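Subject: Structure handover

Hello,

Here is the structure for you to look through. Please open it first, then read the notes below it.

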Amino acid sequence: MPTTSVRAEASIKPDMEVYRYDEQIVRMFVLATAIWGLVGMLVGALIALQMPFWQANLGPYLTFGRLRPLHTNAVIFAFAGNAIFAAIYYSTQRLCKARMAFDSLSRVHFWGWQSIIVAAAITLPMGITTSKEYAELEWPIDIAIAVVWVIFAVNFFTTLRNRREKHMYVALWFYIATIITVAVLHIGNSLALPVSMTQSYPIYAGVQDALVQWWYGHNAVAFFLTTPFLGLMYYFLPKAAERPVFSYRLSIVHFWSLVFLYIWAGPHHLNYTAVPEWAVTVGMVFSVMLWMPSWGGMINGLFTLRGAWHKLRDDVVLKMFVIGITFYGMSTFEGPLLSLKSVNALSHYTDWTIGHVHAGALGWNGFMTFGMIYWLMPRLWRTPLWSDRLANTHFWVGTVGMLLYVMAMYSAGVTQGLMWRAFDEAGRLLYPDFMETMIQIVPMYWVRLVGGLMYLAGMVLMLYNMYRTIKSAPKDLPDPAFTSPREVAA
Amino acid sequence: MTKTSTPGRHRKLEGWPLVFSILVTISILVGGAAEFIPMVLIEENVPRIATVTPFTPLELTGRDLYIREGCVGCHSQMVRPFRHELERYGPYGRAGETIYERPFLWGSKRTGPDLSRVGGKYPDLWHVRHFEDPRSTSPRSLMPPYDWLLRSELDLTNVSTKLSTLKTLGTPYTDDEVASAERTARQQAAEIAASIEQGGGPTGLADKEVIALISFLQRLGKDIRAAGITAEVSR
């Protein structure tokens, strides 16, 4: 593919046009993904240690309270964020048969986003936070996020307009939904009146603030961690499997129903709170409905492998994707389950929720990202991956690690939830001392730490593999060039 | 949504990015609007409670410290209407209690207990000891110490700005309250520091951050008690 560049130019004809894809920007986003992934997971391991072992809190800057948002922001917006940008910049150019519209905007997007992450890494340990989950960054950084996102959108939509392919492939639908909705959510939830450069009060109060926050929080999961990764799946999985997508019709149905239904589900995070009953019931009903379009995506992904399952034996990329999609299926079944009021009554405020989000984050987002990176490495750096065996080890260490992680959290969550509600025969609380319910699950916190460290170890293996691959890559990596018939003005 | 059953027509749509994007935008706006607009328009969704008043300047400062330290990561402030929660914590959370909460601090995880009814449960001195070393009051606690709160200076320089910002957003502070915010805060801090000294605790805490945080914690659940709302547990 890349070697065609010289030949393409040599054989250029007046009615043909040559265009090159910007691969440098994809390499940049891939590297940022891996580096921030390591940072975010390291912070995760530290706060996992702080829970059973309070001595690991090094106040004031490195306490659990200040580091938890750093962990969530780093893995969501830095690790997963850079991964989806890598996926979008790589696949959009190919699906549109057009280079990204503005190289300059691509760079502003890259460096702007990395600066925002650095700003988060500095301000959060300093205690500069709005305290709204996954939206903790204060207003100046919020404005920067909005600006960078709009720059990204302009670049993306202009590329769509410049496309040489008439029809937009399903991956692009998901990217469109991502870009529009994240902008709406971020701006809607961040509206606040500044007190100083480092503090603001939201324009919403109490119940309204809670509803807006979880409209945002739930749909950040939907449109930052689900739709772009479905787009990623729709592009990279058929490529890796060398099979077309299972069902075009299913992709239409599940795309539109997912995009429409997801937004309604936010209030399920507020079951049994002061939010009016009707709102949480609507949220619960839509959450249950959401199960179907979610599994539509899973089925379309897994069935794409029909007739190609034997490839799993020695293709680490496909193995990663299959685990990723399976975890997507599991967590999108678990999500509706947890939204049911009777289940939520037990699970809410416990580690069950933590287990649920990590099934999604480690399994779906993490493994889809790893699969994509292992697929991209040889193509972007034009040299074989340094070690397939090491990648395979990564797969197993990561898989076992996250199974330990989620199992520990499920058992911790259910245990503590049951202890909170236990009464003795006289009708008094069986465990009136909160501490008792906490001490009981401390062993599970250690198991979680071991699982998390295993997952982190897999990440380190990937980084080393990437480093060795890049070291043996050719010095000169020109953008691949393609030709197509010139469009004649009508 | 209407085109789902006809791939042929959808195929056409795939050639029109602008129309496609507009349809996506409409699809994602419907749900949010349907849930949020009634919440704002219908007053009775947030029933008022007469005894619920805005935070004092010192409590507000303490609340901002609570936010700064990320307390919300481990402590909820929303008791659910279950018998076991009423027994353990007190009355369940009412919408009317939250009207001055910017941002809301209900939390989503209890690594420690709920705090929305903690006001008045312990004396001020207990909180000082607890922040200094949580295990001195709760032997097996997993909470990290917050001893620096006993040493760091209480910053009240922009407390008036905080009140006026909230006033702009609709919290009913009077102009007087805004103007005298710092003085009021100092007064309240001195009272709490005095009660700590009387109880045999450390001296000289009146201008330390811990005092503001304690004033906030001691406020939690107080308004609803004044309204006569209790846990209503029947055995």
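**Where the two chains meet**

The contact draws on 98 residues of chain A and 85 residues of chain B. Keep in mind that this is a predicted model.

How much area is buried between chain A and chain B? About 7900 Å². Carbon and sulfur atoms give 69% of that area. In chain A, the residues that lose the most area to chain B are A:Tyr201, A:Trp256 and A:Tyr349. Together they account for 12% of what that side buries.

Next, the polar side of the contact. Between chain A and chain B there are 24 residue pairs in polar contact, with both residues at pLDDT 80 or more. Which helix of chain A gives the most to the side that touches chain B? Helix α7 (residues 206-224) does, with eleven residues. That side of chain A divides into 62 nonpolar, 24 polar and twelve charged residues.

The count of salt bridges between chain A and chain B is two. One of them joins the side chains of A:Asp351 and B:Lys109, at 3.5 Å from N to O.

**Salt bridges across the structure**

Side chains of opposite charge can pair when their charged atoms come close. Over all chains, a search finds 32 salt bridges.

Start with A:Glu23 and A:Arg94. Their closest N and O atoms are 2.5 Å apart. This pair links distant parts of the chain, 71 residues apart. A:Glu23 sits in the loop between β1 (16-20) and α2 (24-50) of chain A, and A:Arg94 sits in helix α3 (residues 64-96) of chain A. Are these two residues buried or exposed? A:Glu23 has a relative accessible area of 1%, so it is buried. A:Arg94 is buried too, at 12%. Both belong to a network of salt bridges that links A:Glu23, A:Arg27, A:Arg94 and A:Arg382.

Now two pairs in chain B. B:Arg151 forms a salt bridge with B:Asp147, with the closest N and O atoms 3.5 Å apart. B:Arg151 is exposed, with a relative accessible area of 56%. B:Asp147 is partly exposed, at 27%.

The other pair is B:Asp207 and B:Lys208, whose side chains meet at 3.2 Å, N to O. B:Asp207 counts as partly exposed, at 30% relative accessibility. B:Lys208 counts as buried, at 13%.

**Aromatic pairs**

How many aromatic pairs does the structure hold over all chains? The count is 56. One of them is A:Trp264 with A:Phe286. This pair is stacked, at 4.2 Å centre to centre and 5° between the planes. A:Trp264 lies in the loop between α9 (248-262) and α10 (277-303) of chain A, and A:Phe286 lies in helix α10, so the pair ties together parts that are 22 residues apart in sequence. A:Trp264 is buried, with a relative accessible area of 12%. A:Phe286 is buried as well, at 14%.

Ring pairs also build a cluster in chain A. Its members include A:Phe29, A:Phe77, A:Tyr89, A:Trp111, A:Trp149 and A:Phe224.

**One more residue in chain B**

Look at B:Ile22 in helix α2 (residues 17-41) of chain B. B:Ile22 is partly exposed, with a relative accessible area of 46%. The C-alpha atoms of B:Ile22 and B:Arg140 are separated by 56 Å, and these residues are 118 residues apart along the chain.

Best wishes

Methods
Residues are numbered from 1 along each chain as its sequence is written. Chains are lettered from A and ligands numbered from 1 in the order in which they are written. This is a predicted model: local features need pLDDT of at least 70, side-chain atom pairs count only at pLDDT 80 or more; totals for chains, interfaces and linings use all residues. Side-chain values use heavy atoms; hydrogens and water are left out. Contact means heavy atoms within 4.5 Å. Buried area is the accessible area (1.4 Å probe) that two parts lose on being put together, summed over both. A salt bridge is a side-chain nitrogen of Lys or Arg within 4 Å of a carboxyl oxygen of Asp or Glu. A polar contact is a pair of N or O atoms within 3.5 Å; within protein, one must be able to donate a hydrogen and the other to accept it, and residues adjacent in sequence count only if both atoms are side-chain atoms. Helices (H or I, at least four residues) and strands (E, at least two) are DSSP runs, numbered from the N terminus. Ala, Val, Leu, Ile, Met, Phe, Trp, Tyr, Cys and Pro count as nonpolar, Asp, Glu, Lys and Arg as charged, and the others, Gly among them, as polar. Rings of Phe, Tyr and Trp (its six-membered ring) pair if their centres lie within 6.5 Å; planes under 30 degrees apart count as stacked, over 60 as edge-to-face and the rest as tilted. Buried means under 20% relative accessible area, exposed over 50%, partly exposed in between (1.4 Å probe, protein chains only).
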